Amino acid sequence: MAGLSDEQVMLRDMAREWSDKENPVSAFRKMRDTGHDEGYDPAVYRQMAEMGWTGIVIPEEHGGSGFGFTGLGLVLEELGRNIAAAPLASSSAAATAIMLGGSDEQKAKYLPKIASGELVASLAIDEGAHHDPDAIDTAVEGGKLNGSKAFVAEGDSAGLFVVAAKDGLYLVDGDAEGVSRSSREVVDSRSHAEIAFNDVAIGNDSRLAEGGDDLRDKVLDCARVIACAEMLGLAVQAFATTNDYLKTRVQFGQVLSSFQALQHRMAEMFGDIEMMRSAVEGALAALDSDIGTAGQTVAVAKATANDVVHRVTHEMIQMHGGIGMTDEHDAGFYFKRARVLENQWGNSGYHRERFAEFNGY
């Protein structure tokens, strides 16, 4: 584990205590079963805003706390442990785009609202089922934006979209004329929507000032590591829950934890999670240091996180046996959320190719 300042330790401990007491996995199950049009409980998100989490990466001059990506990662890890449904990750990624490429006017207009939790924002990048930021057909011509974006996280409720077009990133109001949403049911029971843009009027103040592929790539790297932080929480809790089960479940007259084959599998997973933690924390620190040079570190983190969370949640199902396959058990929540995050912003193969390109292959 990376060395943390006293403030970061307090932030992590507060997030852990609140998540365990106020927003456990049962809260996600209730949200899923009772249903919220937003795909999360707005009251819970307001609590997060009151604790300052919605402004962690936003500078103090714009209403945030400026705790950086490491601070955000600490919170998202704890929320990931309990499958918390909230637009914190998507709004933070969108806020990063405005911080990196926005004009002073754009920053003043949007960042305080995101920091306060008043405004939910989201990245609208991919146009197909697989992550490919180079395959963009959305374009602005004659002051009108046309195109569509597939599986936009928090797309059902976002009030602001950071939209990738052929010539850069644009800020589009979710209620603008010509913007339409179509909800998509995904296995993790979270908000995902296809967003269509039909002759949406684009003003001079809509395009991010530092637009282009370089800005897009920086923003995507931030979004990737944000997803990694949540996946780290998933893996940690999936391992802990499985370990507790093996220590109490009796088969053939013995607790499962006494079987050497299962001990070996758990030991291997423990090592994998520690490797994942090093990769993710290293990427968070790299973003805080210099986003522009973090690409290779991010590729390693995302590929590692994808592989490890896949294995740990798979083993969670396997080692719980029949009960792990039922909806009554929480194992399925971890398994399903992990599968979505593995493919969000690039699967393992995509990031291994990125790593190879960074090294001249």
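Author: What follows goes through the pockets, a cavity, a sheet and a pair of helices.

This is a predicted model, in which local features need pLDDT of at least 70, side-chain atom pairs count only at pLDDT 80 or more, and totals for chains, interfaces and linings use all residues. Residues are numbered from 1 along each chain as its sequence is written, and side-chain values use heavy atoms, with hydrogens and water left out.

Start with the method. Rolling a probe the size of a water molecule over the atoms shows where empty space is left. The search uses a 1 Å grid over the protein atoms alone. A pocket is an open set of points with protein on both sides within 12 Å along at least five of seven lines. A cavity is a set of points where a 1.4 Å probe fits but cannot get out. Lining residues have an atom within 4 Å of a point. Points are joined across faces, edges and corners, and a volume is the space filled by probe spheres set on them.

Now the largest pocket. It holds about 610 Å³ of space. Its lining has 33 residues, and Phe-151, His-192, Val-340, Asn-343 and Gln-344 are the closest to its centre. Helices (H or I, at least four residues) and strands (E, at least two) are DSSP runs, numbered from the N terminus. Helices H5 (88–101), H7 (213–248) and H10 (331–343) each supply at least two lining residues, as do strands E1 (121–124) and E3 (144–153). H10 gives the largest share, five residues. By type, the lining has 18 nonpolar residues, nine polar and six charged. Here Ala, Val, Leu, Ile, Met, Phe, Trp, Tyr, Cys and Pro count as nonpolar, Asp, Glu, Lys and Arg as charged, and the others, Gly among them, as polar.

The second largest pocket holds about 310 Å³. It is lined by 18 residues, with Lys-109, Tyr-110, Leu-171, Asp-173 and Ser-206 nearest its centre. Helix H6 (104–116), strand E5 (168–173) and strand E7 (192–201) each give two or more residues to this lining. H6 gives the most, five residues. The lining divides into nine nonpolar, three polar and six charged residues.

Next, the cavities. There are three of 30 Å³ or more. The largest cavity has about 80 Å³ of space. Its lining includes Leu-76, Leu-79, Gly-80, Arg-190, Glu-230 and Arg-337. Helix H4 (68–81) and H5 each supply at least two of the lining residues. H4 gives the largest share, three. Six lining residues are nonpolar, one is polar and three are charged.

E3 and E7 also belong to an open sheet of four strands, with the order E2-E3-E7-E6 and antiparallel pairing. Strands pair if DSSP finds at least two bridges between them. Strands E2 (139–141) and E6 (179–183) stand at the edges with a single partner strand each, so one side of each has no neighbour in the sheet. Three bridges join E2 to E3. Ala-139 stands opposite Asn-146 in E3.

H4 also packs against helix H1 (residues 6–22), at an angle of about 20° and with the axes 9 Å apart. That makes H1 roughly parallel to H4 (angles under 35 degrees). Axes are lines fitted to C-alpha atoms, for helices over the stretch in contact, and angles run from 0 to 180 degrees between N-to-C directions.

Terms used
Angles under 35 degrees count as roughly parallel, over 145 as roughly antiparallel, 65 to 115 as roughly perpendicular and the rest as oblique.
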